[in-house]
Amino acid sequence: IFFLLVPIGLVIYTAFVNEAGGFTLGHFTTFFDQTLMRESFVNSLVVAVASVFFASLIAIPLAYLTVRFEFRGALLIQTLGVLPLVMPPFVGAVAMQLIFGRSGSVNLLLENAFGFKLPLMQDLIGVVFVESIHYFPFILMNLVAAMRNIDGSMEESAMNLGARGWRLFSRIVFPLSLPGYVAGASLVFVKVFDDLATPLLLNAKDLLAPQAYLRVTSIGIADPMGYVISVVLIVGSIAAVWLS
C-alpha cells in the first residue's frame, strides 16, 4: 500500500487535478495537442514494437535449437541467453557504445578497411539495438518453457501426415508454444516502453519516459505534464499485459 499504491495514486491524482484542485481532463488534451508529446508517444510505441520484433528474431531460433536438438553447448547457450538480464540496461548501452558506437571498435575497423560505418547506435536505432539484445531473454525463457511442455505426440502425428521443417514449426510447434511467446513478448514491450536509462544514455529524449523524467525533475508538480506522461505509460503497460 505505502510503497506501490500510494505513490502511483498520487501520480494519477496529480495528472487529473487542475490548479484549483478540481477534476480535469485538460492536461491530457494538452498532451495530445503538443507535437513533441505526440512524437514521443509514437516513437515509444515504434521502439517497443521494433524491439519485440528483433528480440524475437534472436530468441525464437535459440529456443527452438536448444529445445528440439541435442548437441554440446545447448546448456551453455541457454545460460548465456539469460545473462543480459543480470546486467543493467544502461551498462549494456555503455558497452554497445564502446563496440558499435560512432567511434567504437567495430566502426573504426570498418572505416579503416572499407571506408564506411554502421549507424547501429544512432538515435532510436541505437535504443532498439540495445533493448533487443538486453530483453530478448524474456522471450527466450518463456518460449523454452512452452516448447518443453508441448505434447510430443502432436509433432509425431504431424510428421506422419507429411509435415517437415518450416511447415512443422509454423503449423504445429510455434502455435502450441504461442502462449509462452506472447507472455515473453508482452514483457519485452512493457520494459522497453517504460525504459528510462537506455534512451537517456543514448541521448534519445523524444520518448515518453525521458520526457516524463526531465519534466518532473526540472519543473516538478508545477508542470503536470510529467505526471500525465506517467499515467500514459501506466495505461500503455496495463493494456499490453491485458492484450497478452
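Mentor: From the N terminus on, the elements run α-α-α-α-α-α-α-α-α-α-α-α-α. That makes 13 helices and zero strands. The model is a predicted one, and every value below is computed from it.

Taken along the principal axes, the C-alpha atoms fill a box of roughly 70 × 50 × 30 Å. The protein has 244 residues, and 41% of them are buried. Its exposed surface comes to about 13,800 Å², with carbon and sulfur atoms supplying 69% of that area. As for charge, there are 12 positive and 14 negative side chains, and the centres of the two sets lie 9 Å apart. Contacts between residues at least 6 apart in sequence can be sorted by how far along the chain they reach: 69% of them join residues at least 24 apart.

Now the helix itself. Helix α13 covers residues 225-243, and Ser237 is one of its residues. Is Ser237 buried or exposed? Its relative accessible area is 9%, and buried means under 20%, so Ser237 counts as buried. Leaving aside residues up to four places away in sequence, Ser237 touches Val190, Phe193 and Asp194.

Helix α13 also packs against helix α2, which spans residues 26-33. The axes of α2 and α13 are 10 Å apart and meet at an angle of about 85°. Angles of 65 to 115 degrees count as roughly perpendicular, so α2 and α13 are classed as roughly perpendicular to each other. On the α2 side, the contact is made by His27, Phe28, Thr30 and Phe31. On the α13 side, the residues in this contact are Met225, Val228, Ile229, Val231 and Val232.

Val235 and Val106 are 129 residues apart along the chain, and their C-alpha atoms are separated by 39 Å. Val106 belongs to helix α6, residues 105-114. With a relative accessible area of 25%, Val106 is partly exposed. Val106 touches Ile99 and Phe100, again not counting residues up to four places away in sequence. Gly152 is found in helix α8, residues 152-160. A relative accessible area of 33% makes Gly152 partly exposed.

Other pairs can be set beside these. Pro61 and Gly165 are 104 residues apart in sequence, with 13 Å between their C-alpha atoms. Pro61 sits in helix α3, residues 35-68, and is partly exposed at a relative accessible area of 38%. Ala95 and Val130 are 35 residues apart in sequence and 9.5 Å apart in space, C-alpha to C-alpha. Ala95 is part of helix α5, residues 89-100, and its relative accessible area of 31% puts it in the partly exposed class.

Asn203 lies in the loop between α11 (197-201) and α12 (208-218). Most residues other than glycine have a negative phi. Asn203 is not a glycine, yet its phi is positive, at about 60°. What is the relative accessible area of Asn203? The value is 55%, and exposed means over 50%, so Asn203 counts as exposed.

Methods:
Residues numbered from 1 in each chain as written. Predicted model: local features only at pLDDT ≥ 70, side-chain atom pairs only at ≥ 80, totals over all residues. Heavy atoms only, no water. Helix = DSSP H or I, 4+ residues; strand = E, 2+ residues; numbered from the N terminus. Buried < 20%, exposed > 50% of the residue type's maximum accessible area, 1.4 Å probe, protein only. Contact = heavy atoms within 4.5 Å. Areas by Shrake-Rupley, 256 points an atom, 1.4 Å probe, with all protein chains shown as cover. Lys, Arg positive; Asp, Glu negative; His and termini not counted. Charge placed at Lys NZ, Arg CZ, Asp CG, Glu CD. Axes fitted to C-alpha atoms, helices over the stretch in contact; angles between N-to-C directions. Parallel < 35°, antiparallel > 145°, perpendicular 65-115°, else oblique.
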